[in-house]
Amino acid sequence: MGSMSKKKVLLAGVAILALLATLAAACSKGVPQADLDAAKAQLAAKEQEAAQLRAQLSAMGPSSVVQAGQLQPPSAQAKPTGWDTSESVRGGLRLLATYDSDGPNAWDPVAHPLVYMTSEGMGYGTRPSQTNKLPGVQVIDATTKKVVTSALFDLGNEVLSQPHGLGVSPDGKWVYIGFSGRVAATKETRNLILIVNARTLKLDKVLTHPLQRLHHILGFTDWAGKDRVLLELGFGSNGGPHFLLDPKDDNKVLRAITVENIKYPMGHPYVTPDPTGKFLYVSLELAAWRDEIGEIGGIAKYNLETGEVTVIPGVGAHPIGTTTTADGKFTYVVDGEDSLVYKIDNATNKIVGHTSAGVAGPYGLRLGWDETKIYTMGKGEGSHNTGGVVGVIDTKTFSPARDFNQPIQTGGAIIDHAILHPDPKVNELWISSAGTWETIVLDLNTKEVKARIPSPHGGDTHSGAFVRYNPDFTGELMADHGGPKATMLKTEAAMVAAAAQPATAKPPAPGNTDTLAAGKLIFEKTAGGVGCASCHGLDGKGGKSGAPDIRGASEAKVRTAVTGGVLAMSFIKLGDSDITAVAAYLKYLNQ
C-alpha cells in the first residue's frame, strides 16, 4: 500500500473525529439548526472521502515489509544446526537463521490460480531504483496481469545488491531469492539466500555462502520423480558452486556441484536440466585463456544419477542462456560475448551449428511453443548492458528470421530473462526488464508488447516462475528460467509434432508436368552441382547466406541471375530450357 494513500486515510479519520467533536459541542450549546446541518453535511462528505480512500487501498495489491531483525555474525564456535549435511559443508553453504513462516494466507489462490512470481530489488548501480532499497518478491496474476501481493525483506542490515533471480520449488511451496548485505555491527559483507513461504510470504530460512552470491534458481523433477531445487551461485564467468536441495526435506542440501564434480572452471550460472531431469547442462569458461584463443566456452553435461561429466567444447566465448527441446534431442546456448547461438546434438554431444543471435550481447533465450522460433534477449551483455530488444531465430533454417523487421522493440532496458506463459492460446513471453523496473508481456503472435506490469515498489526484476495453485495452496511449477516443466512440455511436444506434419499437398500444377519435374530436379539438386535449394531452401523462401525468397521469379529474372546478374551464382550454368523449367517450378512454389 502506498504510504501517501495511508496518510490520506489517516487525515480523513482525524477530520471526522474533529467534526464529531464539533457536533457534540454544538448540540450541548444550542447552536442554530442551520449550522448543525452544515456540520453534518461536512461530516457526511468526510466519511464518503474516507470510504473512497479505503476502497482505493483495498483494490491495490497488498504489500508488506517483513522485519526479521538484525542478523548478527554467527559465532566462530557455532555448532551444526541439524540442517547441515556433508554436502552443504563441502560446498560452504551455511544456515544462518530460521523463522516460523506459518501464518495467514498472504493472497487467495482461488481468485488467482495461475500466478507469475518474480523478484524485486534496489536496481543496478548504473540504473538504481529511486523508491526501493530492499529485496523482495512480487506475485502477479497471470491472467489479469495485475500485482496480487508483494513483500520486501528488511533484515536490519545495509543492502548492497539486488536479487538477480527468483525460483520456486516444484510444488509451489517455497520461493528463493538472494542478495548481499553488510552487517551493521561488524561491517562484514555477507551473501544471503532467503527461503520464503509462498503462502504467507514470510521468511522461513536465511542461508549464507562465504564467497559467492546466489544468482539463479531452478526448480525441476529429477529422473526418479523427486522434486529438486538448484541454487546457482556466482556471476560473470565465475560460476559455482551450485547446490541441489530437497524442498520436501527442510530444503537440505543433497549435493554441492563444485569444480571437483565438473572437473573444469564453471562459467555463467545459467544451469538447465534436460526434460528427464537426469542431466544438467552447466556452462564452462576458461577465462584464463581469453587472450590466447577465442572459443573458451563449453558446456558440461552432468549426469545426476552417476556423476559422470561429458564436456562439449567450443561453445563460444561466454555461454549464458541455455534451453533444450521438449524431446531432449537438442540444446541451444547463447554466447553473450560474440552474440551467437549454438546448437548441440544431445545424442552425440557435438555442436551441429551456430548462427547470429540477431541482437547484441544476448543473455536468456526461449523456444516458442512449436519450437520453430527461438527468442533471444538482447541485454547487451558484455557491452552497454542496457539492451531492450528481442531477436528471433528460425529453427528450420537455423538463421535469424527474415519474415519481419528485426529486432522486436520492447521499450525495456536491461532485459535478461523470458518465461513462456503456460497457456499456448495466449502465446505470451514474460520478460524481465530490470532497467525500467517492470515485467513486459510480449505477444508472440503480433510481436508487439501486450502489457507492462510495473514492480509494486519501483524496484528492478530478474527472472521469474509461473505456478498453478489449487485452493489448498498445493501447487505445480509450470515454467522458470530453466524452461517449461512436465505439463507444459507435453503440450509443447504435441505442438512440435503438429508443426512438423507435411503441408497439404499443392493442387495439380497447370502446364507441362515434364517441365515442372525437370525444374524441380534442377532447383533441388543439379544447378551448379548443389541445387538452388542449397541456399534458397527447398521451399524457395530463402534464409541461408542471405539468399532471398525467389518463389514466383520470372524466367527473365532467373536468366539474369545465372548469367552474371548475381555474382554468387556465376558458377551455375543453365541452358534456355533449364531456365524455363526452373522458372516454371518457382511459379508452382508460389501457388
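# Reading a predicted fold, feature by feature

Modeller: Start with one residue. V148 lies in strand β7.

Biologist: Is V148 buried or exposed?

Modeller: V148 counts as buried, because its relative accessibility is 10% and the cut-off for buried is under 20%.

Biologist: How far apart are V148 and W107, in sequence and in space?

Modeller: In sequence, 41 residues separate V148 and W107. In space, their C-alpha atoms are 7.1 Å apart.

Biologist: What share of the chain's contacts joins residues 24 or more positions apart?

Modeller: Take the contacts with a separation of 6 or more. Residues 24 or more positions apart account for 55% of them.

Biologist: And the chain overall? How many helices and strands does it have?

Modeller: Nine helices and 36 strands. The chain has 591 residues, and buried residues make up 53% of them.

Biologist: What is the mean pLDDT of the chain?

Modeller: The mean is 87. A pLDDT of 70 or more is reached by 83% of the residues.

Biologist: Where does pLDDT stay under 50?

Modeller: Over residues 1-21. For that stretch the model has 25 contacts beyond four places in sequence. Residues 53-60 also have a pLDDT below 50. That stretch has eleven contacts in the model beyond near neighbours in sequence.

Biologist: Now the interior. What is the general idea behind a core?

Modeller: In soluble globular proteins, nonpolar side chains tend to be buried together. Here, the largest nonpolar core has 32 residues.

Biologist: Which members of the largest nonpolar core touch the most other members?

Modeller: M117 and L194. The elements that give two or more residues to this core are β2 (94-98), β3 (114-120), β6 (136-141), β7 (147-154), β10 (174-182), β11 (189-197), β12 (203-209) and β34 (464-469). β7 gives the most, with four residues.

Biologist: Which residues does L194 touch, not counting those up to four places away in sequence?

Modeller: L194 touches F153, L155, V175, Y176, I177, F179, L203, K205 and V206.

Biologist: How do I look for empty space?

Modeller: Rolling a probe the size of a water molecule over the atoms shows where empty space is left. In this structure, a search of the whole model finds one cavity of 30 Å³ or more. The largest cavity holds about 40 Å³ of space.

Biologist: Which residues line the largest cavity?

Modeller: F153, L155, N157, V159, F179, G181 and L192. By class, five are nonpolar, two are polar and none is charged. F153, L155 and F179 are also among the residues that L194 touches.

Biologist: How much space lies in the largest pocket?

Modeller: About 650 Å³. The largest pocket is lined by 24 residues. D394, K396, T397, D539 and K541 lie nearest its centre. β28 and α7 (533-536) are the elements that give two or more residues to the lining.

Biologist: How does the lining of the largest pocket divide by class?

Modeller: The lining has seven nonpolar, six polar and eleven charged residues.

Biologist: Which residues does a cis peptide bond join, with omega of about 0 degrees?

Modeller: G240 and P241. P241 lies in strand β15 (residues 238-246). A cis peptide bond also joins Q406 and P407, with omega of about -10 degrees. P407 lies in the loop between β28 (399-400) and β29 (408-409).

Biologist: And positive phi? What is the value for L201?

Modeller: Near 55 degrees, in a residue other than glycine. L201 sits in the loop between β11 and β12. L201 is buried, with a relative accessible area of 2%.

Biologist: Where is N385 found?

Modeller: In the loop between β26 (373-378) and β27 (389-394). The phi of N385 is positive too, near 60 degrees. N385 is partly exposed, with a relative accessible area of 21%.

Notes. Residues numbered from 1 in each chain as written. Predicted model: local features only at pLDDT ≥ 70, side-chain atom pairs only at ≥ 80, totals over all residues. Heavy atoms only, no water. Core = buried A, V, L, I, M, F, W, Y, C linked by side-chain atoms within 4.5 Å. Buried < 20%, exposed > 50% of the residue type's maximum accessible area, 1.4 Å probe, protein only. Contact = heavy atoms within 4.5 Å. pLDDT = per-residue confidence, 0-100. 1 Å grid on protein atoms, 1.4 Å probe; cavity = no way out; pocket = protein on both sides within 12 Å on 5 of 7 lines; lining within 4 Å. Points joined across faces, edges and corners; volume = space filled by probe spheres on them. Nonpolar A, V, L, I, M, F, W, Y, C, P; charged D, E, K, R; others polar.
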